[in-house]
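Welcome to this guided tour. Open your viewer, get your selection tool ready, and we will go from stop to stop together.

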Amino acid sequence: SYLASRGLMDPDLLARFRVGYGDGTVKAALRLEDGLRTGLLNPRGVDIFYRSIVFPLTDAEGRTVSFYARHTQHARHLYLRGPHRGLLNANAMA
């Protein structure tokens, strides 16, 4: 419903911007120390983006530099810890 409320239902658009969903599988894909270092896992080893719609944040060269997520049940905005920086989504300008 969150995506629909934002007009984001086109599968091609979601694929183009690499929008994902935190289904809890990131924990199995990462070593615990890597998940803790990157901030994708909290100190208890839980995926911080579990049950969230996840948007990669990219720099001018298209490299993923962080993530933004919107929790689907609690309407919380989630970011990786650390400094936030200005971003340019060149993909959106094309």
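## First stop: the whole chain

Show the protein chain as a cartoon and follow it from the N terminus: its elements come in the order α-α-β-α-α-β-β-β-α. That makes 5 helices and 4 strands. Keep in mind as you look around that this is a predicted model.

The protein chain exposes about 6500 Å², and 56% of that comes from carbon and sulfur atoms. Of its 94 residues, 29% count as buried. If you take the contacts between residues at least 6 apart in sequence, 44% of them join residues at least 24 apart.

## Second stop: the sheet

Select the strands next. In what order do the 4 strands of the open sheet lie? The order is β1-β2-β3-β4, and the pairing is antiparallel. Colour residues 20-21 (β1) and 77-79 (β4): these two strands stand at the edges, and each has a single partner strand, so one side of each is left without a neighbour in the sheet.

Zoom in on β4 and its partner β3, residues 64-71. The two pair in the antiparallel sense over 3 bridges. For a landmark here, pick Ala69, which stands opposite Leu78 in β4.

In soluble globular proteins, nonpolar side chains tend to be buried together. To see an example, show the side chains of Tyr2, Leu3, Leu14, Ile53, Phe55, Leu57 and Tyr68: these 7 residues make up the largest nonpolar core. Two elements give two or more residues to this core, namely α1 (2-5) and β2 (52-58). Which of the elements gives the most to this core? It is β2, with 3 residues.

Click on Leu3 and look at what surrounds it. Setting aside neighbours within four places in sequence, Leu3 is in contact with Leu8, Met9, Leu14, Ile53 and Phe55.

There is also a second, separate core of 6 residues, and among them are Leu40, Ala69, Leu78 and Leu80.

Side chains of opposite charge can pair when their charged atoms come close. How many salt bridges does the count come to here? It comes to 4, and we will visit some of them.

Select Asp34 and Arg37, whose side chains meet in a salt bridge at 3.4 Å, N to O. Both residues lie in helix α4 (residues 32-38), where they are 3 residues apart, about one turn of the helix.

With all four side chains on screen, you are looking at one network: salt bridges that share partners join Arg31, Glu33, Asp34 and Arg37.

Notes. Residues are numbered from 1 along each chain as its sequence is written. This is a predicted model: local features need pLDDT of at least 70, side-chain atom pairs count only at pLDDT 80 or more; totals for chains, interfaces and linings use all residues. Side-chain values use heavy atoms; hydrogens and water are left out. Two strands pair if DSSP finds at least two bridges between them. Buried means under 20% relative accessible area, exposed over 50%, partly exposed in between (1.4 Å probe, protein chains only). Contact means heavy atoms within 4.5 Å. Accessible areas come from the Shrake-Rupley method with a 1.4 Å probe; for residues, only the protein chains shown count as cover. A nonpolar core is a set of buried Ala, Val, Leu, Ile, Met, Phe, Trp, Tyr and Cys residues joined through side-chain atoms within 4.5 Å.
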